[in-house]
Amino acid sequence: MELHPKKNDTCGRSQKTKPNVTKLVTNFPRKFSKKRRRIHKQKNRKAHDKYLKKTKQEGKHGEVWVWSAVDPVSKYMFPDVIGSRRRKYGKQLVEKLKERRQNIQADLLFQTDNYDAYENIIKECFAENILSWTTDGNGEKIPRQVKMPENILYTVLTKTRDKNGEVEAVAGKVVLGQSDRILKVLNEYNPTHGINTSFIERQNLNRRLFNGRLRRKTIAYSKNYDCMVAQLNLQRVYANFCWSHHTLKKLHGYEMSPAMAISATDYIWELEQIFWYRIK
């Protein structure tokens with residue numbers, strides 16, 4: 001058996017010169033200290049964002065943020081918006097919720113954590129009149145002075161943590177709307193009768209159980225953006241149409257899915273029906 005020299009062993013492939021490609025430096029050597037890593041990231045952040053926009057990879061490269069919403073009464077999960085943590089993706093989600101709103105005169109209550117982008121998004125989408133604008137740290141325009149309708153209500157759940165990251169205290173805060181109207185909505189529609197984000201946090205837990213691409217501290221991370229979006233959509237449709245929710249069953253006395261609760265269907269679907277459903 002004759003062994004070819006390593007320098008001449010091409011395995012039948014033609015040798016091609018690699019094109020000169022300018023690579024953006026985003027990784028840091030391990031010998032860099034935390035302070036040096038932070039300074040390096042700040043200097044290259046604008047160049048990295050510019051590169052992602054130029055290659056149309058913004059929201060599809062690196063960390064991906066999933067903007068989601070759930071109705072605490074029907075447990076229905078609304079269509080997600082997947083991209084980066086920039087406020088324009090959150091605005092797409094709120095605009096979708098606004099389009100699905102049937103009764104414009106009824107009170108609409110939003111409950112989120114203390115991420116400051118939510119308040120600006122809600123104000124921009126539902127404001128009757130925006131009097132003045134300002135810019136945030138990323139240079140994006142955000143409303144400064146607005147005139148909001150009385151039926152748009154917004155509360156924030158603030159968590160105080162200690163040095164180890166453990167939650168010490170939880171407090172609710174009214175941002176938009178009158179307190180009496182918020183209490184009326186909470187007592188009438190919210191089973192917990194209080195300001196909280198437990199419903200969306202529970203949905204996030206369910207997603208991590210069903211979808212290995214979202215599990216933390218594992219190697220089962222997603223490497224393909226399109227596959228991740230398809231998996232998220234499949235899990236959301238399954239939870240809405242195929243899953244008999246225990247709370248809805250206890251409330252109505254029979255098996256019921258979130259899609260049945262909003263009158264989108266009158267029976268619980270099988271998983272096979274999702275794959276064979278014809279999209280118009």
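**Entry 1: confidence**

I started with the confidence values: the protein chain has a mean pLDDT of 80, with 84% of its residues at 70 or more. This is a predicted model, and I kept that in mind throughout. I then looked up the elements at either end of the scale. Helix 1 (residues 34–54) has the lowest mean pLDDT, 71, while helix 8 has the highest, 92.

**Entry 2: the nonpolar core**

I looked up the largest nonpolar core and found 22 residues in it. Those with the most contacts inside it are Trp67, Phe110, Ile121, Ile122, Phe126 and Tyr154. Helix 2 (87–100), helix 3 (117–126) and strand 6 (152–161) each supply at least two of the core residues. Helix 3 gives the most, six residues. In soluble globular proteins, nonpolar side chains tend to be buried together.

What does Phe126 contact, once its neighbours within four places in sequence are left aside? I got Val94, Lys98, Arg101, Leu108, Phe110, Met148, Pro149 and Ile152. Phe110 is on that list, and Phe110 is also among the core residues with the most contacts.

**Entry 3: helix 5**

I checked the length of helix 5 (residues 198–210). At 1.5 Å a residue, its 13 residues should span 18 Å, and the end C-alpha atoms are 18 Å apart, so the two agree.

Then I asked which residues of helix 5 are buried. They are Phe199, Gln203, Asn206 and Arg207. These cover an arc of only 100 degrees around the axis, which means that they lie on the same side of helix 5. I also looked up what covers them: strand 1 (65–67) and helix 6 (225–242) are included.

**Entry 4: two positive phi values**

Most residues other than glycine have a negative phi, so I went after exceptions. Lys75 is not a glycine, yet has a positive phi of about 65 degrees. Lys75 sits in the loop between strand 1 and strand 2 (81–83). Is Lys75 buried or exposed? Its relative accessibility is 7%, so Lys75 counts as buried; the cut-off for buried is under 20%.

Ser263 came up too, with a positive phi near 65 degrees and, again, no glycine. Its place is the loop between helix 8 (258–261) and helix 9 (271–276). Ser263 is exposed, because its relative accessible area of 64% is over the 50% cut-off.

**Entry 5: cysteines**

How many disulfides does the structure hold? I found zero. I looked up the surroundings of some cysteines anyway. Cys125 is buried, at a relative accessible area of 7%. Cys242 is buried as well, at 11%. Cys227, found in helix 6, is partly exposed at 38%.

Last, I took a distance from Cys227.

Technical notes: Residues numbered from 1 in each chain as written. Heavy atoms only, no water. Helix = DSSP H or I, 4+ residues; strand = E, 2+ residues; numbered from the N terminus. Expected span 1.5 Å × (residues − 1). Buried < 20%, exposed > 50% of the residue type's maximum accessible area, 1.4 Å probe, protein only. Arc of directions from axis to C-beta. Contact = heavy atoms within 4.5 Å. Core = buried A, V, L, I, M, F, W, Y, C linked by side-chain atoms within 4.5 Å. pLDDT = per-residue confidence, 0-100. Disulfide = S-S within 2.5 Å.
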